[in-house]
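Please have a look at the sequence and the fold below.

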Amino acid sequence: MFNNVYKGKKVFLTGHTGFKGSWLALWLTELGAEVFGYSLTPNTNPAMFKELKIEPKISKSIIGSILDEKTLKKSMLEFQPDIVFHLAAQPLVRLSYQEPILTYQTNVIGTLNVLDTAHCCTSVKAFVNVTTDKCYENKEINRGYKEDEPMGGYDMYSSSKGCVEVMSSSFRRSFLQDENSMAMATARAGNVIGGGDWAQDRLIPDCVRSINAGQKIEIRNPVAVRPWQHVLEPLSGYLLLGEKLLCEGKKYAEGFNFGPNEDSVLKVAEVAQKVTEFYGQGEVIVHKKDDLHEANLLMLNIEKAEKVLGWTPTYTANQAIEKTVNWYKHFYNKDTDMYNFTIDQIKEYEDSIKWDKILH
Ligand SMILES: NC(=O)c1ccc[n+]([C@@H]2O[C@H](COP(=O)([O-])OP(=O)(O)OC[C@H]3O[C@@H](n4cnc5c(N)ncnc54)[C@H](O)[C@@H]3O)[C@@H](O)[C@H]2O)c1
């Protein structure tokens, strides 16, 4: 996988205690990387990081803030990583209405701190900067956004990530032009699903919580359309991008979309319904919508990742939802070692990747 580039590599991973970061920490470890995680403590209960006992499985885990420049710098300089995957963020749209300052501090200033620290650390050759599909100015258009379309964002989360994109581009032009500086790319993924996510106000965790509490699943915006994808899809994109940055440098230091195929672009109600079907229980009802604005239509154009990186999505929406539901079913049935189950899902995904047929 990934031309074996991660074997023996030192990887600095921010956000390793979160949902995507936990999966990425495990995958990198499986690929033979030395992983140094840097994040706050998990902020959900349960949390995948704790449930799967990920801390002892990686090289080092530091509980620290990306806003604490001193500790961040000390940690990175001591570790001397080859590559940084930056996932730490305040990633919730609805929370950003209550915590706009925290959202901007974490996402914009926090990312600038991580970029600046990595720039000072001469061992760092590559930097994968994770933003989101919500960074685009959403015009509610019926096609996917391309990488060169304007940044924006109605809510504070989306606009903070739009700002991260603008700031990162400026950082690249201002400080990363010389040959020896790190190659930094941004990665924009869609709505990610997968086992181990317990965040508030996310569709699948909300469905799972309701089913397990024997309650009806209340959805706010049944017709909202999102690009749903299994967590391993964008992570495979980040890892492929990391490989290209490490091996071929600045040629790939740009923004890339990692979304699903067009047939995985589903309405919220369709996804919730499929969850109940795969679970074999649960009932979906529409809850009165509140006043908080959320986009109705959001899709990503993934032609660039396909043509330039040779990346392509692997799972259909049905497969992604089924694998996600299976994960939670086993977790709540307490009948399976969830660490082994998660590693098996990673291996299963690796086996089904079809990229070889494209560029490799
Ligand atoms: N989950 C999705 O659907 C989705 C979609 C597109 C993009 N993203 C992006 O992917 C990344 C990971 O998202 P996630 O869903 O795993 O989120 P998450 O909330 O599960 O994890 C966030 C991580 O960031 C860390 N963090 C937050 N503030 C921090 C700080 N000040 N200092 C250090 N660490 C801090 C947390 O401790 C946690 O480890 C984020 O950048 C998010 O914007 C997520």
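What follows is a short tour of some local features.

This is a predicted model, in which local features need pLDDT of at least 70 and side-chain atom pairs count only at pLDDT 80 or more, while totals for chains, interfaces and linings use all residues. Residues are numbered from 1 along each chain as its sequence is written, and side-chain values use heavy atoms, with hydrogens and water left out.

Let us begin with helices. Two packed helices are described by the angle between their axes and the distance between the axes. Helices (H or I, at least four residues) and strands (E, at least two) are DSSP runs, numbered from the N terminus. Axes are lines fitted to C-alpha atoms, for helices over the stretch in contact, with angles from 0 to 180 degrees between N-to-C directions.

Take helix H1 (residues 19–30) and helix H12 (residues 338–352): their axes come within 11 Å and cross at roughly 70°. H1 is therefore roughly perpendicular to H12 (the range for this word is 65 to 115 degrees; under 35 is roughly parallel, over 145 roughly antiparallel, and the rest oblique). The crossing of H1 and H12 is right-handed, that is, the near helix is turned clockwise from the far one by less than a right angle. On the H1 side, Trp23, Leu26, Trp27 and Glu30 take part, and their partners in H12 include Tyr339, Ile343 and Lys347; contact means heavy atoms within 4.5 Å. By class, this contact has 7 nonpolar, 2 polar and 3 charged residues (Ala, Val, Leu, Ile, Met, Phe, Trp, Tyr, Cys and Pro are nonpolar, Asp, Glu, Lys and Arg charged, the others, Gly among them, polar).

Now turn to helix H7 (residues 203–212) and helix H11 (residues 317–333), which pack at about 40° with axes 11 Å apart. That angle makes H7 oblique to H11. Ile204, Val208 and Asn212 of H7 meet Thr324, Tyr328 and Tyr332 of H11, a set with 4 nonpolar, 2 polar and no charged residues.

What about the cysteines? The structure holds 0 disulfides, a disulfide being a pair of cysteine sulfur atoms within 2.5 Å. The nearest cysteine sulfur to Cys121 is that of Cys120, 8.4 Å away. Cys247 has its closest cysteine sulfur in Cys121, and because the distance is 19 Å, it is too far for a bond. Cys121 is buried at 1% relative accessibility, whereas Cys247 is partly exposed at 49% (buried is under 20% relative accessible area, exposed over 50%, partly exposed in between, with a 1.4 Å probe and protein chains only).

Finally, find Thr186 in strand E6 (residues 183–189). Thr186 is buried, with a relative accessible area of 1%. Leaving aside neighbours within four places in sequence, its contacts include Asn129, Glu165, Arg172 and Phe256.
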